[in-house]
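Subject: Structure handover

Hello,

Here is the structure I said I would pass on. My notes on what was found in it follow below.

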Amino acid sequence: MLSWDTELHGLGIADMDATHEEFAHLATEVARAGDDDFPLLFAMLLDHTRRHFENESRLMRECHFPATGEHEAEHWRILADLTHMQRAIDEGRLGLARLYARQGLPDWFRNHLATMDSALAARLKRQAMPSPAAGRPYRPSARVP
Ligand SMILES: [Fe+2]
Ligand SMILES: [Fe+2]
């Protein structure tokens with residue numbers, strides 16, 4: 001289970017943190033769902049995860065993140081797992097997806113947050129800081145008398 005704690009899980013980039021908090025809440029709902037609600041909630045989680053990863057790909061492009069390839073490969077691996085499980089759910093087989101929602105996915109998320117997403121957030125924060133030259137206060141040129 002994932003219980004969101006901003007102090008513990010927040011990375012300091014507002015839209016990443018908001019998405020991760022939504023992910024944690026949704027993943028917890030999926031893990032706790034009964035058989036009737038599980039398929040719809042799992043489909044919502046898959047859709048949310050796709051958008052989550054698309055947004056991080058955009059951020060990585062914008063800041064020229066050096067480990068984009070590794071980070072996106074990790075996202076694709078998880079999306080492939082979730083898509084595979086969605087197919088099984090669609091065929092009425094919930095067992096593997098239930099196990100994954102309870103254990104595998106929360107474990108993956110904690111680890112991914114602490115490594116790849118933290119590295120991306122650190123890069124975004126560094127880029128947001130003005131360089132020493134750019135940080136000099138603006139001074140209009142001296143007026144010609
Ligand atoms: Fe993320
Ligand atoms: Fe990520």
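Which residues of α3 are buried? They are F42, L45, T49, H52, E56 and M60. Please bear in mind throughout that this is a predicted model.

After the helix comes H64, which has a positive phi, near 50 degrees.

Now the chain as a whole. Of the 145 residues in the chain, 16% are buried. Among contacts in the chain with a separation of 6 or more, 70% are between residues 24 or more positions apart.

Next, the packing of two of the helices. α2 covers residues 14-32 and α5 covers residues 95-128. They pack with their axes 11 Å apart, at an angle of about 175 degrees. Angles over 145 degrees count as roughly antiparallel, and α2 and α5 are therefore roughly antiparallel to each other. On the α2 side the contact is made by M16, H20, F23, A27, V30 and A31. On the α5 side it is made by A101, R102, L105, P106, F109, L113, D117 and A121. By type, the residues of this contact divide into 11 nonpolar, one polar and two charged.

Leaving aside neighbours within four places in sequence, A101 is in contact with A27, V30 and A31.

Last, the nonpolar core. In soluble globular proteins, nonpolar side chains tend to be buried together. How many residues make up the largest nonpolar core here? There are 12 residues in all: L2, A24, A27, V30, F42, L45, L82, M85, A97, Y100, A101 and L105. Two or more residues of this core come from each of α2, α3 (38-62), α4 (68-90) and α5. α5 gives the most, with four residues.

A27, V30, A101 and L105 belong to this core, and they are also among the residues that make the contact of α2 with α5. F42 and L45, buried residues of α3, are in the core as well.

Regards

Conventions
Residues are numbered from 1 along each chain as its sequence is written. Chains are lettered from A and ligands numbered from 1 in the order in which they are written. This is a predicted model: local features need pLDDT of at least 70, side-chain atom pairs count only at pLDDT 80 or more; totals for chains, interfaces and linings use all residues. Axes are lines fitted to C-alpha atoms, for helices over the stretch in contact, and angles run from 0 to 180 degrees between N-to-C directions. Angles under 35 degrees count as roughly parallel, over 145 as roughly antiparallel, 65 to 115 as roughly perpendicular and the rest as oblique. Two residues are in contact if their C-beta atoms, placed from the backbone, lie within 7 Å. Ala, Val, Leu, Ile, Met, Phe, Trp, Tyr, Cys and Pro count as nonpolar, Asp, Glu, Lys and Arg as charged, and the others, Gly among them, as polar. A nonpolar core is a set of buried Ala, Val, Leu, Ile, Met, Phe, Trp, Tyr and Cys residues joined through C-beta atoms within 7 Å. A residue is buried if 20 or more other C-beta atoms lie within 10 Å of its own, exposed if 12 or fewer, and partly exposed in between; C-beta atoms are placed from the backbone.
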